[in-house]
Amino acid sequence: MKSTATAILAAISLALMLGGCAGPSASPTTNTAALQQKVLAAEVAYEAPLALAVAYNKRPRCTVPPTIVLCSEPVVVEQLRKANHAVMTAFGAAMNVASTPGVSESAVVAAIAVATDAIGPLQTILSAYK
Amino acid sequence: MLSLLPLAMEILAYMPQAIKLGIDLTDTAGRAVALFNAPAPATQDELAALKSAIDAEKAKLAAMTAELDQDPPTS
């Protein structure tokens, strides 16, 4: 139990440490490919909420008094942008963790969890608008 | 152990809104599930294909982020 918690903490620390690294992705090897492929699958799934956020942003901005039925609130757009940047940073970190030779699956699972947890606020924001 | 269920649920959760907005998520869902279920790449060709897919996805998400970060034109 303690070792699992330690592995998760180490993964999160590593993910945060590497999160700012935005260089080209490390080439997959036979040791890292399986886990990198899982992170890639999670990134592809993230396209779904991100596509909705982009569609919302493309609406004309809401004005006072309201003149357009389908508009986007500037405050909501800002929240979506902040949430997306947090998710993108977390996915970058997760891919870096998965690219580390010898990394455990639990460390990658924890790093993916950091990214999917970061999607939470974005989901909340998206579900609030029609 | 990584599970496919949260991934599938995540995409399904957006389907009603996507349909309303006219966005088709079936391709996204199909690609995510296929990747998740695919066997780990083992040959040099498969590893190179994975590297290309990782880089392509990174570029796609970066382009979508740029779209999100750009204000719509005012009329």
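This is a predicted model: local features need pLDDT of at least 70, side-chain atom pairs count only at pLDDT 80 or more; totals for chains, interfaces and linings use all residues.
Across the interface of chain A and chain B, 16 residue pairs are in polar contact, both partners being at pLDDT 80 or more.

Let me describe how chain A meets its partner. Three helices of chain A, namely α2 (33–58), α3 (74–98) and α4 (105–127), each supply at least two residues of the side that touches chain B. The largest share of that side, 23 residues, comes from α2(A). Sorted by class, the side of chain A that touches chain B holds 28 nonpolar, 13 polar and 8 charged residues.

The rule also finds 5 salt bridges across the interface of chain A and chain B. One of the residues forming a salt bridge is Arg31(B), whose partner is Glu47(A), with the closest N and O atoms 2.7 Å apart.

I turn now to the extent of the interface. The size of an interface is often given as the accessible area lost when the parts come together. For chain A and chain B the buried area is about 4,100 Å², and carbon and sulfur atoms give 66% of that area. Which residues of chain A lose the most area to chain B? They are Gln37(A), Glu47(A) and Leu52(A), which together account for 16% of what that side buries. In terms of residues, the contact takes 49 from chain A and 40 from chain B.

A few words on chain B itself. Chain B has 3 helices and 0 strands, and its pattern along the sequence reads α-α-α. Of the 75 residues in chain B, buried residues make up 32%.

In soluble globular proteins, nonpolar side chains tend to be buried together. In this model, the largest nonpolar core has 52 residues, and Tyr46(A), Leu80(A) and Val108(A) are those with the most contacts inside it. Helices of both chains give two or more residues to this core: α2, α3 and α4 of chain A, together with α1 (5–21), α2 (26–37) and α3 (44–69) of chain B. The largest share of the core, 16 residues, comes from α2(A). As for Val108(A), leaving aside its neighbours within four places in sequence, that residue is in contact with Leu35(A), Val39(A), Val97(A), Ala98(A) and Val103(A).

The side chain of Asn57(A) makes a polar contact with the side chain of Arg81(A), at 3.4 Å. Beyond its neighbours within four places in sequence, Asn57(A) is in contact with Ser72(A), Val77(A) and Arg81(A) in chain A, and with Glu67(B), Leu68(B), Gln70(B) and Pro72(B) in chain B.

The second residue is Gln123(A), which lies in helix α4 of chain A. Gln123(A) has a relative accessibility of 30% and therefore counts as partly exposed. Again leaving aside neighbours within four places in sequence, Gln123(A) is in contact with Glu10(B) and Tyr14(B). Within chain A, the C-alpha atoms of Gln123(A) and Leu50(A) are separated by 9.6 Å, although the two residues are 73 residues apart along the chain.

Terms used:
Residues are numbered from 1 along each chain as its sequence is written. Chains are lettered from A and ligands numbered from 1 in the order in which they are written. Side-chain values use heavy atoms; hydrogens and water are left out. Contact means heavy atoms within 4.5 Å. Buried area is the accessible area (1.4 Å probe) that two parts lose on being put together, summed over both. A salt bridge is a side-chain nitrogen of Lys or Arg within 4 Å of a carboxyl oxygen of Asp or Glu. A polar contact is a pair of N or O atoms within 3.5 Å; within protein, one must be able to donate a hydrogen and the other to accept it, and residues adjacent in sequence count only if both atoms are side-chain atoms. Helices (H or I, at least four residues) and strands (E, at least two) are DSSP runs, numbered from the N terminus. Ala, Val, Leu, Ile, Met, Phe, Trp, Tyr, Cys and Pro count as nonpolar, Asp, Glu, Lys and Arg as charged, and the others, Gly among them, as polar. Buried means under 20% relative accessible area, exposed over 50%, partly exposed in between (1.4 Å probe, protein chains only). A nonpolar core is a set of buried Ala, Val, Leu, Ile, Met, Phe, Trp, Tyr and Cys residues joined through side-chain atoms within 4.5 Å.
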